[in-house]
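Here are my notes on the model, point by point. Please read them with the structure open.

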Amino acid sequence: MWGLAGAIGWSYAGYPLAAAAAARLRAYVPRRDDAYAPHVALVIAAHDEENVLSERLENALALDYPGRVEVIVASDGSRDRTADVAQRFAERGVRLLPLPRVGKVGAQDAAVAATSSEVIAFSDANSRWESDALRLLVRSLADPEVGYVCGRLSLDGADGASREGLYWSFELWLRQQESACGSITAGNGAIYALRRSAYLELGSERSHDLGFPFRLRRRGLRSVYDPQPVAHEPTLATTEDEWPRKVRMLSRAWGEVLEGGILDPRGQPPGYFVALVSHRVLRYAAGALHLLLLATTLACARRDSHARLLLGLQAGGLALALAGRKPEPRVPLAGAAWYYLVVNAASVAGLARVLYRGPDATWTPDRS
């Protein structure tokens with residue numbers, strides 16, 4: 001019982017505090033070079049993205065980058081007018097790569113194989129980068145120890161009924177602590193770049209966000225976070241709207257935990273392996289750990305007053321979360337508690353999905 005409670009508490013409170021303390025002691029910063037401007041291929045994998053692609057391409061072509069930029073749209077079996085939209089930009093240098101339905105990572109692999117650029121940058125089709133984002137993103141790759149760098153994703157509309165913005169702010173803060181310790185444990189798909197020599201073909205059931213950092217660390221390369229290159233994306237309106245995306249993302253995360261090698265400590269610096277287990281494995285497992293904690297406290301409650309106290313705290317937390325289902329809950333912290341419940345339930349659903357049928361290799365974007 002106390003082991004389960006301690007594992008949850010360590011992942012959400014103990015580890016972040018320990019990472020912040022370690023970051024102050026280590027204070028690692030890559031050797032950034034603002035004059036570094038290699039040939040970059042900006043890859044945008046798109047499946048049925050006709051409604052947002054034109055704006056994304058205009059934004060990409062307006063980037064303030066002193067070197068050569070090749071913009072590649074990898075159309076992943078799109079059935080709408082995604083290819084037509086991309087073709088309209090052909091005279092301005094945008095390259096369309098029409099593909100069968102192979103999944104996002106498969107489309108990214110094909111785009112990387114189709115270019116010889118020294119640096120590969122990646123973006124979602126609905127992202128909007130600030131004008132200096134690419135220049136600021138690439139500068140960290142001037143350090144030969146760095147193989148992967150991700151920028152900061154800003155969620156537009158994050159002040160709505162969804163608490164995604166609050167959670168994301170915490171994640172970005174923790175990512176900054178991990179970067180200062182030497183390497184992050186995951187990135188984000190909206191804004192990141194790799195040196196070509198560091199790129200790995202992972203398979204469409206994986207994701208770059210989680211799959212690259214720990215694999216590259218095993219090869220002696222660092223993955224870093226730079227908060228100055230910024231991308232913007234809209235957030236969904238409510239916590240309930242986040243459910244399908246969370247289940248899909250967490251099923252892929254569970255695929256990495258169960259089959260991808262996150263739990264293999266071989267070749268990993270000890271401190272980084274602790275970070276992987278603390279931030280990723282225990283965080284993804286928190287939903288299952290909560291269920292096990294509830295079962296153990298129920299079993300011990302008759303004979304242990306501490307178990308009864310812990311059971312009461314769990315009941316109070318659940319009541320607080322249920323009070324947060326309303327768009328504007330009146331109870332303080334209820335909205336955050338509801339978001340916490342939904343995310344951890346999605347983790348359990350994602351685990352069930354990956355055990356039953358494996359992670360999804362393809363999906364249709366939700367732009368509602």
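1. Start with helix H6 (residues 164–181) and helix H9 (residues 270–300). They pack at an angle of about 160 degrees, with their axes 12 Å apart. That makes H6 roughly antiparallel to H9, a label for angles over 145 degrees; under 35 counts as roughly parallel, 65 to 115 as roughly perpendicular and the rest as oblique. Axes are lines fitted to C-alpha atoms, for helices over the stretch in contact, and angles run from 0 to 180 degrees between N-to-C directions. Helices (H or I, at least four residues) and strands (E, at least two) are DSSP runs, numbered from the N terminus.

2. A word on the basis. This is a predicted model: local features need pLDDT of at least 70, side-chain atom pairs count only at pLDDT 80 or more, and totals for chains, interfaces and linings use all residues. Residues are numbered from 1 along each chain as its sequence is written, and side-chain values use heavy atoms, with hydrogens and water left out.

3. Which residues of H6 and H9 make the contact? From H6 come Tyr167, Phe170, Glu171, Leu174, Arg175 and Glu178; from H9 come Ala275, His279, Arg280 and Arg283. Contact means heavy atoms within 4.5 Å. By class, there are four nonpolar, one polar and five charged residues. Here Ala, Val, Leu, Ile, Met, Phe, Trp, Tyr, Cys and Pro count as nonpolar, Asp, Glu, Lys and Arg as charged, and the others, Gly among them, as polar.

4. Now helix H7 (residues 208–218). H7 and H9 pack at an angle of about 155 degrees, with axes 11 Å apart. H7 is therefore roughly antiparallel to H9. Leu210, Pro213, Phe214 and Arg217 of H7 meet Tyr272, Leu276, Arg280 and Tyr284 of H9. This contact has six nonpolar, no polar and two charged residues.

5. Is H7 mostly covered or mostly uncovered? Mostly covered: nine of its eleven residues are buried. Buried means under 20% relative accessible area, exposed over 50%, and partly exposed in between (1.4 Å probe, protein chains only). Among the buried residues are Phe212, Phe214 and Arg217. Just after H7, glycine 220 takes a positive phi of about 90 degrees.

6. Turn to the sheet. Eight strands form an open sheet in the order E3-E2-E1-E4-E7-E6-E8-E5, with mixed pairing. Two strands pair if DSSP finds at least two bridges between them. The edge strands, E3 (94–99) and E5 (128–129), each pair on one side only. H6 packs on this sheet, touching E6 (146–156) and E8 (222–234). The direction of H6 makes about 155 degrees with that of E6.

7. Check the pairings. E1 (residues 40–46) and E4 (residues 119–123) run parallel, joined by five bridges. Valine 40 has valine 119 as its bridge partner in E4. E6 and E8 pair in the parallel sense over nine bridges. E5 and E8 run antiparallel, with two bridges. Tryptophan 129 stands opposite alanine 231 in E8. Ten of the 13 residues of E8 are buried, so E8 is largely enclosed by the rest of the structure.

8. Two loop residues deserve a look. Aspartate 48 lies between E1 and helix H2 (50–61). Its phi is near 55 degrees, a positive value in a residue other than glycine. At 23% relative accessibility, aspartate 48 counts as partly exposed. Leucine 333 lies between helix H10 (305–323) and helix H11 (334–356). Leucine 333 has a positive phi of about 70 degrees, although it is not a glycine. At 65% relative accessibility, leucine 333 counts as exposed.
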